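Open the model in your viewer and have the selection tool ready. The tour begins at the ligand and then moves out to the backbone.

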Amino acid sequence: MSASERLGVIGDPIAHSLSPAMHAAALEAAGLDWTYEAHRVAGPDLPEWWLTVGRRLRGFNVTIPHKTAVSALVDDVDTVCHATGAVNTVLRAGHRTRGYNTDPVGFLCALSEAGFNPFGANVLVFGAGGAARGVVHALEPLARRIVVANRSVESAQRLRGERLEAVSLDDASLPARVRQADLLVNATPMGMRHLADVSPLPQGATIRSETFVSDLVYGHDTPLLRTARRCGCVVQDGLEMLIQQGAESFRLWTGVEPDIAAMRRACRDRMEILSC
Ligand code: NAP
């Protein structure tokens with residue numbers, strides 16, 4: 001490893017990513033003279049970027065739309081990528097590259113940070129895309145039961161697990177399942193940007209105050225979090241998961257324990273700038 005290495009994140013869009021600020025803060029706190037840059041790479045441009053810019057980076061994060069495509073470009077992937085079909089972190093060692101998915105560990109660390117233990121929990125996950133697959137992978141060994149509610153029930157049925165059940169978002173049983181959940185997770189974009197006013201909850205559904213509610217959306221309050229607060233629930237948005245998955249990527253690239261408090265501060269500062 002040379003004294004100064006290059007790290008980064010690829011995606012499209014990428015301008016609003018918090019990762020450059022978050023990792024710059026972690027690198028500075030660790031006393032590493034490395035860089036971390038955002039690379040806007042459109043889907044069709046990935047192979048060329050990989051052979052030119054990508055080969056000069058020690059490691060990088062991968063976000064939409066490349067999380068699946070990158071798994072075909074790396075030399076090998078870890079078991080979490082195998083299970084979830086997604087790569088969010090690449091590490092280069094010499095001429096070889098390895099893909100990792102740090103989202104599941106990031107999700108569990110975020111729950112732990114909030115003091116919620118998912119062991120034996122009844123879980124209801126909204127969504128069956130990449131983020132939901134990471135959440136389900138993390139919770140499968142711990143939860144008593146996981147219900148995956150998705151717009152397309154076929155996508156939810158593709159998720160495999162012993163304790164897993166798939167339902168559609170308009171299933172008549174959903175309000176009762178919301179009431180039964182100890183942990184509710186929104187792993188859909190409902191609540192963000194053009195869906196800012198949309199909640200994954202069925203109309204009129206209420207949540208028990210003991211339920212922990214996690215919305216993976218971050219950067220703004222969502223209808224789900226507002227309802228959950230009104231019901232007296234403890235809630236968490238997606239920022240802590242973002243920070244914790246980034247911390248795990250940082251450990252893989254540097255072998256150094258990151259200063260997570262510095263990463264949190266950098267994210268909050270950047271979010272403030274972006275909201276102006
Ligand atoms: P994805 O792979 O595209 O999956 C999107 C999921 O949301 C699918 O299940 C899709 O249902 C559902 N969906 C999309 N639009 C919908 C709508 N209008 N109404 C109902 N359901 C809808 O995306 P992803 O990577 O899983 O990301 C999902 C969310 O998690 C995003 O908001 C993302 O920002 C967030 N996220 C946060 C973190 C974090 O660290 N906090 C990490 C990863 C992702 P269908 O199957 O029916 O299309």
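**Stop 1: the ligand**

Select glycine 129: one of its backbone N or O atoms lies 3.4 Å from an oxygen atom of the ligand. This is a predicted model, in which local features need pLDDT of at least 70, side-chain atom pairs count only at pLDDT 80 or more, and totals for chains, interfaces and linings use all residues. Residues are numbered from 1 along each chain as its sequence is written, and side-chain values use heavy atoms, leaving out hydrogens and water.

Next, pick serine 152. A backbone N or O atom there sits 3.0 Å from a ligand oxygen atom. Then go to leucine 242, where the corresponding distance from a backbone N or O atom to a ligand oxygen is 3.4 Å.

Now show the ligand surface. On its own the ligand has 940 Å² of accessible area (Shrake-Rupley method, 1.4 Å probe), and the protein covers 76% of that area. Colour helix H5 (130-139) and helix H9 (239-254): these elements each give two or more residues to the shell. Helices here are DSSP runs of H or I, at least four residues; strands are runs of E, at least two.

**Stop 2: cis peptides**

Select aspartate 12 and proline 13. A cis bond joins them, with omega about 5°. Proline 13 is in the loop between strand E1 (6-11) and helix H1 (19-29).

Move to isoleucine 64 and proline 65. Their peptide bond is also cis, omega near 10°. Proline 65 lies in the loop between strand E3 (59-62) and strand E4 (76-77).

**Stop 3: a positive phi**

Finish at arginine 193, in the loop between strand E10 (183-186) and strand E11 (212-215). Its phi is positive, about 40°, although it is not a glycine.

How values were computed
Polar contact = N/O pair within 3.5 Å; in protein donor to acceptor, adjacent residues only side chain to side chain.
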